[in-house]
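Hi,

Here is the structure I promised to send over. Have a look at it first, and then read on for what turned up.

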Amino acid sequence: MTAETDSGATLARQYRSERLLKTLAPFSKVVVVSHVNPDPDALASMLGLRALIQHAQPGKPVIMTVDGMIARAENRTMAESVPIPLVRVSEVTIDAGTAVIMVDTQPHTGRRASEAAMPQVVIDHHETGGVLTGVLFRDLRPNLGATSTMVTGYLLEQNVTISPRIATALLYGIESEVAGYPREAGPLDDGALVWLYPRADKDLLAKIRNPKLPQSHFATFQHALANAFLYRDVVVSWCGEVTQPDIIAELADFFVRFDQVNWAIAIGHFESMLKMSVRVSLLGGHSGEVLREVVEGLGTAGGHDKRAGGAILLPDARPETIDTMLKTIRHRLLTRLGIDEQQGRRLLEASPVIQAP
Ligand SMILES: [Mn+2]
């Protein structure tokens, strides 16, 4: 056997985590970035990677960043209670000695506020492929339910002892992605959950799962319920102006549970964007693909089979502009699904208002 084939065989046998750590070895600092408004999967992946790097390359600074806001109450509670120390991505200096790791998204997929920091490492489970030029290490597994599952795998491979707080974060990172409805997970996700559960802090987990909610949360639900329309097996809901963008996804999750529908789209106005979430309760919905077609030429979208998200930058915030855009989205979605737009009706009749008791 020649030296070449021998080293080739060794390379093939290497754990992904070994190749990742080898890629990071020459760098003196690591910055971890993710998509805008990071979710628990992104947050937990950053935290797990930091534990991995601190274990294997002690003393190397690992900076975890936030782009946009930590919006959903569960996510805020997680970041504050674990805690997960985050630096605004715009405040981080990236020099030649800095390795950038991108988790839970890929470069140039429209899920980041800026593409300035080109990563050396990309770790993601989304189907939406990015621009990977110059990326030294990539671990892209769209068959997995969560990036946190991949990071948990690295920690297992490297025999890293993790704290109950990190186990809790990773567990919730996976759970929030796969245990909801609809479910998109595989045996590796289940295996990671089983490994993490006995290691997790259950009180902390309960606190993250059931956070207190602001008044605006209920107001947005009221608005979305009052402005939900049913077209065959599709709910189209207008959430109005929202105070945090993740509630749009929560509403799509909420509406797809209706026993008469297979599709739900929730659309809301946040800052200068129209943001939308789609949920499908059938396998083979290709919701990511469908939503990309719906917003084509207007904005960006991506997602999985049963879940997708998208955003359209509004030219202005006039009610007529928003109304026209909403009609376009609805028209394109219903046309794509072969539904007659004239067949719509309100999901609910106006509810009677009683005197304050
Ligand atoms: Mn994810």
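The C-alpha centres of domain 1 and domain 2 lie 28 Å apart. Domain 1 covers 7-209 and domain 2 covers 216-346, with bounds that come from an automatic or database domain assignment. Where they touch, 14 residues come from domain 1 and 15 residues from domain 2 (residues are in contact if their C-beta atoms, placed from the backbone, lie within 7 Å). On the domain 1 side, that makes four nonpolar, six polar and four charged residues (Ala, Val, Leu, Ile, Met, Phe, Trp, Tyr, Cys and Pro count as nonpolar, Asp, Glu, Lys and Arg as charged, and the others, Gly among them, as polar).

Before you go further: this is a predicted model, where local features need pLDDT of at least 70, side-chain atom pairs count only at pLDDT 80 or more, and totals for chains, interfaces and linings use all residues. Residues are numbered from 1 along each chain as its sequence is written.

Now the sheets. One is open, with six strands in the order E3-E2-E1-E4-E5-E6 and parallel pairing (strands are DSSP runs of E, at least two residues, and helices are runs of H or I, at least four, numbered from the N terminus; two strands pair if DSSP finds at least two bridges between them). Strands E3 (87-88) and E6 (137-140) are at its edges with a single partner strand each, so one side of each has no neighbour in the sheet. E1 (residues 29-33) and E2 (residues 62-66) run parallel, joined by three bridges, and Val-32 stands opposite Met-64 in E2. Helix H3 packs on this sheet, touching E1, E2, E4 (98-103) and E5 (121-124), and its direction makes about 175° with that of E2 (axes are lines fitted to C-alpha atoms, for helices over the stretch in contact, and angles run from 0 to 180 degrees between N-to-C directions).

H3 (residues 40-56) also meets H5 (residues 147-157): their axes come within 8 Å and cross at roughly 15°. That makes the two helices roughly parallel (angles under 35 degrees count as such). Among the residues in this contact are Gly-48 and Leu-52 of H3 and Val-151 and Tyr-154 of H5. In total, the contact has eight nonpolar, five polar and one charged.

The other open sheet has seven strands, E11-E12-E10-E9-E8-E7-E13, and its pairing is mixed. E11 and E12 (residues 307-313) pair in the antiparallel sense over five bridges, and Ala-301 has Gly-310 of E12 as its bridge partner.

Cheers

Key
Contact = placed C-beta atoms within 7 Å. Parallel < 35°, antiparallel > 145°, perpendicular 65-115°, else oblique.
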